[in-house]
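Q: I have not seen this one before. Can you walk me through it?

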Amino acid sequence: MSALLATVRRRVVGPREELPARIAFAIVAFLLIVVAPSMLSDFRLGLLAKYLVFAIVAVGIALAWGRGGMLVLGQGLFFGLGGYAMAMHLQLAEAPDGQPPAFMTLTGAEHVPGIWGPFESTAFTLAMVVLLPMLAATLLGLLVFRSRVRGPYFAILTQALAAAFVIFLVGQQQFSGGTNGLTVMTFFGLDLADPDDKRTLYLIVVAVLALVFLIGRQLVRSRYGRLLVAVRDAEDRVRFLGYDPTLVKVVAFAASAGMAGLAGALFVPVVGIISPASLGIVPSIEMVIWVAVGGRLSLAGAIAGAVLVNYAKTELSEQLPSAWLYGQGLLFVVVVAFAPRGIAGIGEWLRENRGRLRRGRDATPAAATTVEEGA
Amino acid sequence: MSPQPTPPRAEGDPAIRPRHPSDPPQTPPEKAGEPLLRIRGLGVQFGGFHALTDVDFDAREGEVHFLIGPNGAGKTTLVDIITGLTKPTTGSVSFDGQQLVGHKEHRIVHFGVGRTFQAATVFEALTVGENLDLAASYRLGLRRLLRQPRGHADAVVEALEVTGLADEVDKSAGALAHGQKQWLEIGMLLAQGPRLLLLDEPVAGMSPDERTRTGELIRYLARGRTVLVVEHDMDFMRRFADRVTVLHEGRILRADATVAEVQADPTVQEVYIGRARDDRNSAGRSGAAAAGAPAASDDEEAA
Ligand SMILES: Nc1ncnc2c1ncn2[C@@H]1O[C@H](COP(=O)(O)OP(=O)(O)OP(=O)(O)O)[C@@H](O)[C@H]1O
Ligand SMILES: [Mg+2]
């Protein structure tokens, strides 16, 4: 007994399949950094960059929704905050010194408007891209979680905020570019029309995604990550463990918002434009669909979901534009009804069954009741 | 020991009259022999229904204090009020001089009060070790929570040892047997390091052997701590209680008595023990059956 306890005391607590995960990470990194740029056309690489930008949003959603049980249906709001912050900076950088951006001069503006001013600074912009969404999510979370608003009410609230943000942007045309949005041509010295520069931008996106994934994984594997799962499954019980569930949820919600903001900021140079069409109700729901398809309990699954669903969208909408909308809806329903663990669930199912086979034929199915949650 | 009357009530005693929001915080000076938990004039209504009326209750350090009473007597409600889940309509709850009423649930845990639930609730998606580790870590700041834990804290190892769950440390808590879940919940409580532990029906649905082990666990917990046990099982109470308080229809029927006193009390027998005996004799089982449906159906799970 005491020998067992001594080993328990010393042992590393946490997931044990460290090595396969690292190998998989290295393979994917190699594919993205070396293989993809040499194999894909400039056009296809640009599309992949966009999918990977979406994957950054997906990691945040997997964290807040998969781990924390918060169905975030309005990530477009945070995506937009990051995107517009970046677009404002890039437009100011492209305009002649002290001049307002091009779209404003068309309507006769002569000065840079007050709220645009601070975005002249690179450091301020880079900070705001992440902090603005995080701050918004923190305030919203404190307000909402404290009054114990959960489930569908929370989901609808986030959705409404994303819709309100779109209405605000459309209404403030003189500052926001209205429905046209903001267009950019350069990104910190990179010429977005130049194939080599676009390749550099692609690599920046890959690096940011890797960073976001590693941050997400650290969150999931830490004590905090377990606490988040505990709050998801039995929020009221967590209070009697001495934790305030409000704060636990706010941290995950803010982290997911920060990731969405970062993604929005990269979306601007990758696509060259940000407009309300990219962050309203429909895009916000689509973001959740990527994660549902990929597997909300798995960060890697969420990334795969974002890339695959968006790839399918590109392919299908080239051939049958109207079919995609229905196809996507159907996909969502099928996943929710029949494969709640998504694509990641397939891998886990294979792993479990292989284990069952290895244990031998006489092992009863009931023996494999525990379902491990992959990171 | 002679029967102790409920403490006399003085008109001007601030601890007795209903607390008013404008009252200053009640922090009386530490007195020797002062009960760790001191409840005065507690009452709660649920939409006109008086679930608790004028409840006075004391528990001292180091004792195992049983709270018994028929179904619907208000036992769980009392635990809910102490731990901040339910707000009382009147009265005060002071723990080690600290007023608990009005504090949030997680704050009360930080004061040193922990509880288990009538239906054992553990985090089923986490392993046994992770459940205990979370319980032991609630004082850590966010920065340390964000780190990946290495090894188990002493409190976790102790909890594994006394609950006998060391072999199951990596098992998911959802896969534990019913009795083991209840032990895990008690282990989590222990890992929290509280001074007052409130156990709501810790042996419901357990086999006789498991009951004995749980009783021993409770005696272990009581070293230097106060344990308040809500239980229906009279036999279990006889074996492990230091003091007993009987609650009936939201009122204290017998406060802070010994097991012998409670058993000899005709009123208590009438409302509770008498019925328990009858049920036990007819059912051939322990007093868990006395309280009727929920406890009785628990026995099936144990089988
Ligand atoms: N939130 C609530 N709203 C309305 N009535 C309640 C509430 N909580 C408890 N009650 C009622 O208060 C009474 C006391 O309930 P309580 O759960 O405290 O009893 P108990 O002594 O724990 O019973 P048991 O032995 O069945 O667990 C019951 O009649 C119950 O229906
Ligand atoms: Mg009860």
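A: Chain A first: it has 15 helices and four strands. Keep in mind that this is a predicted model.

Q: How much of chain A counts as buried?
A: Of its 375 residues, 49% count as buried.

Q: What share of the contacts in chain A comes from residues 24 or more positions apart?
A: Taking the contacts with a separation of 6 or more, such residues account for 79% in chain A.

Q: OK, ligands now. Which residues are the closest to ligand 1?
A: N71(B), K75(B), T76(B), T77(B) and H232(B) are the closest, out of 14 residues that surround ligand 1.

Q: What kinds of residues make up that shell?
A: The shell around ligand 1 divides into five nonpolar, seven polar and two charged residues.

Q: Which element gives the most to it?
A: Helix α1(B) does, with three residues. Both β2 (49-59) and α1 (75-82) of chain B supply at least two residues each.

Q: What about polar atoms next to ligand 1?
A: A polar side-chain atom of N71(B) is 2.4 Å from an oxygen atom of ligand 1. For T77(B), an N or O atom in the side chain is 2.5 Å from an oxygen atom of the ligand. A73(B) uses its backbone instead: an N or O atom there lies 3.2 Å from an oxygen atom of ligand 1.

Q: How much of ligand 1 does the protein cover?
A: On its own, ligand 1 has 630 Å² of accessible area, and the protein covers 63% of this.

Q: How accessible are they?
A: T76(B) is partly exposed, at a relative accessible area of 24%. Q118(B) is also partly exposed, at 36%.

Q: Then what about D256(B)?
A: D256(B) is not a glycine either, and its phi is positive, at about 50 degrees. Its place is in strand β10 of chain B, residues 251-257.

Q: Why does D256(B) count as buried?
A: Its relative accessibility is 10%, and buried means under 20%.

Q: Last one: where is L36(B)?
A: L36(B) lies in the segment before β1 (37-46) of chain B. It is buried, with a relative accessible area of 5%.

Q: What does L36(B) touch?
A: Apart from neighbours within four places in sequence, its contacts include A59(B), R60(B), E61(B), S94(B), F95(B) and D96(B). R195(B), L196(B) and T226(B) are also among them.

Q: How far is L36(B) from E61(B)?
A: They are 5.8 Å apart in space, C-alpha to C-alpha, and 25 residues apart in sequence.

Methods. Residues are numbered from 1 along each chain as its sequence is written. Chains are lettered from A and ligands numbered from 1 in the order in which they are written. This is a predicted model: local features need pLDDT of at least 70, side-chain atom pairs count only at pLDDT 80 or more; totals for chains, interfaces and linings use all residues. Side-chain values use heavy atoms; hydrogens and water are left out. A residue is near a molecule or strand if one of its heavy atoms lies within 4 Å of it. A polar contact is a pair of N or O atoms within 3.5 Å; within protein, one must be able to donate a hydrogen and the other to accept it, and residues adjacent in sequence count only if both atoms are side-chain atoms. Accessible areas come from the Shrake-Rupley method with a 1.4 Å probe; for residues, only the protein chains shown count as cover. Ala, Val, Leu, Ile, Met, Phe, Trp, Tyr, Cys and Pro count as nonpolar, Asp, Glu, Lys and Arg as charged, and the others, Gly among them, as polar. Buried means under 20% relative accessible area, exposed over 50%, partly exposed in between (1.4 Å probe, protein chains only). Contact means heavy atoms within 4.5 Å.
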